[in-house]
Amino acid sequence: MKPITATLLLFILTRPSLCAQVNFNGSFEQLENGKPRGWLLTYAQNQDEGYTTSLDSIEKRSGKYAMSLEKRTDKANYAAVGWSTYQSYEGTTVEVRGYIKTKDITRGSAGLWMRVEGRSGNLMAEFMEKDGPRGTTGWKKYSLLYKYDRDEVASINVGGILLGNGKAWFDDLELLIDGKPINQSKTYLARGKQGDTTFRDGSGILLTTVTSQQQINLSFAGEFWSFLKYHHPSVAKGDYYWDAELFRILPGVIEARNNEELSRALEAYLDTFPKPPVCESCASEQKNDISLMPDYGNLFNGKIAGKSLSGKLDYIRNNRNTGSNYYVSLAAGVRNPSFTNERPYGQMIYPDAGYRLLCLYRYWAMVNYFFPYRHQTEPNWHQVLQESIPEFLSAKNEKEYTIAVLSLIAKVKDTHANIWSNNRALTSFKGRWGTPVQARFIEGKLVVTGYYTDSFGLRDKLKTGDEIVAINNREVEQLIKEYLPVTPASNYETQLRDLPNNYLLRSNDTVIKLKVKSDKGLREVVIPTVDLSLTFKNIDYQNSNGYFLINKDIAYVYPAKYKNEDLPAIKKLFANAKGMVIDMRCYPSDFMPFTFGNYIKAKKSDFVKFSIPDLSNPGQFSFTPTLKNGGGGGFRGNVIVIVNATSQSNAEYTTMAFQSSPNVKVLGSITAGADGNISSITLPGGISTVFSGIGVFYPDGSPTQRVGVRIDYPVQPTIKGIREGRDELLEKAIELLHKGW
């Protein structure tokens, strides 16, 4: 929903750090499972779909390898690789140096990047957007340097980045502390409770199954721990290493035989904290523009907590932290939550029981207090906490832990939310290979719609429009039911969008067997599997221009290939057109609401309002004033915007901006229902995820989350149309424009 610079900052500023590494490996010579040891190779959302990230043994400056990033599709705006250490070091400066070579970068630049996280927020972030190499250049040395306070540093993160198109190579990188290689530098342990290493090697919690009382205990303890994290002034200011504090209270929580014992144990622990000073502003009247109020679950309803504990918690609520928070801040301008100082414990690919509970509690707390669509989760978010405890505790290995996390994320019902980091267990679970066949659900059936390559003679085996009824001897309907709980998305249609490439057409084998139905009956087809990167191509529109005339009366715009710099040429080309199709079945490559939106919208008017979190009252969200666009004019004809489940986030926001004009109608089917700038989250095991960080609503308060944008003309493709090679939505749009609606 934002231009590339702001989007990049969102990821780079909030990207989680990894555990400390012994060897920087800046020349990428040391490999592990075919990848440079210690390096994370995916930083951007959809990076693997938009860019090729790989080691290059041909084009390198020295040694055997260089790291390369190359633009492939418009699925992502930038790509980055990085190395991180969760340590501070004896010294006053940190510097990253390295060599970069580029080819054909016409939009954007390459560069080194560095982010230094502090204990109360980000200290610096730089990615050489203005100073990095462009065009085609030979190997040249670049550097970034930052002066720091060792007591403030929480992590150091560096790497290489490519913004925009073209290709970049990186080699012979160095990370230096006061001019010396980092592996020769002494680590520094910050003073204070944040330097607590008591539970560095494990929580000491061995629980794998729970009684019904223990499940109640642990659920309430999660609410208790989460509430104090964001409300108690001493905790919210970072005076306590809050992850470690969880492991101190869990033994008493687990041992409590009833609610009374649980309440006494938690109250005794709470009494060790300083009593918050009286907060004069906490009792101020609520505003009229509140979109969502806090939900405290069982903390104050008297069902579990005793009267004395409830009273003390209520005092904290009424005298809560209202200033800056060590664990969360609001991004400048947009004001979506940025979760700071959350340790990723990247070395714990299979965390112990206590750290698995920490994962559950941390994510649950973030959603409960800072997710603008908390009320739309399924089931109720407090119920999710209690029901998830057995699954997290019983996870026996890395794979089961990862699936437990993915199942939790799926319950948020947000298409933005997923596991976005490269995760070995998840890749194995889904399948390391894909099929060169493109398929999607049409009329409720999995239908072949195209091919990523024809090098296997696929057109002789499968025809466009054939229905896939079984995969590896399992019915598609059965597979849908199995994979839906681990397919995060805002609505069912978007889950169906993601199922083929995420699960159904992936395998760990070299071939995949399909049972196919056509007008000639049933048959079995064996298809070879291919590298997953091949299946990330958007073949539907790969040859489409960004804009052209369908005929003398109807203009066409494809936002995935549109740039704002094209607008003057578009105005000239479309000067005599009477109607326009904007094909929003894609992700816009530029920010259009106030550029192209002003061109097609003659009068200025409201089109959106947001809901943002209130750090002074966690869990509360308030509406912003409505935002306006339009007033430029220029195109006076009717416009139809085509959408479907591919239309997500920026595409939905842009559609809202366009459809606020009376000359614009929307045609198609339900969109992805995930709008709003994303907030990044890191979880134990180095798992990275995000959620929609601000609420996006129509001016009348109607939501877009889960339900998608408003549609004037519901139209779906048919199997018959697919077999005939027709784009029925585009045909209908042209028909309506010719009729004048």
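**Rings, charges and a buried serine**

Ser 84 lies in strand β5 (residues 78–85); strands (E, at least two residues) and helices (H or I, at least four) are DSSP runs, numbered from the N terminus. This is a predicted model: local features need pLDDT of at least 70, side-chain atom pairs count only at pLDDT 80 or more, and totals for chains, interfaces and linings use all residues. Residues are numbered from 1 along each chain as its sequence is written, and side-chain values use heavy atoms, with hydrogens and water left out.

Reader: Why is Ser 84 called buried?
Author: Its relative accessible area is 0%. Buried means under 20%, exposed over 50%, partly exposed in between (1.4 Å probe, protein chains only). So Ser 84 is buried.

Reader: What makes the pair of Tyr 230 and Tyr 369 edge-to-face?
Author: The search of the whole structure finds 41 aromatic pairs. In this one, the ring centres are 5.9 Å apart and the planes stand at 65°. Rings of Phe, Tyr and Trp (its six-membered ring) pair if their centres lie within 6.5 Å; planes under 30 degrees apart count as stacked, over 60 as edge-to-face and the rest as tilted. Therefore the pair is edge-to-face.

Reader: Why does this pair tie together parts that are apart in sequence?
Author: Tyr 230 lies in helix α3 (residues 212–231) and Tyr 369 in helix α8 (residues 353–370), so the parts tied together are 139 residues apart in sequence. Both tyrosines are buried.

Reader: What makes Arg 317 sit over the ring of Phe 300?
Author: Its charged end is 3.8 Å from the ring centre. The rule asks for NZ of Lys or CZ of Arg within 6 Å of the centre and within 35 degrees of the ring normal.
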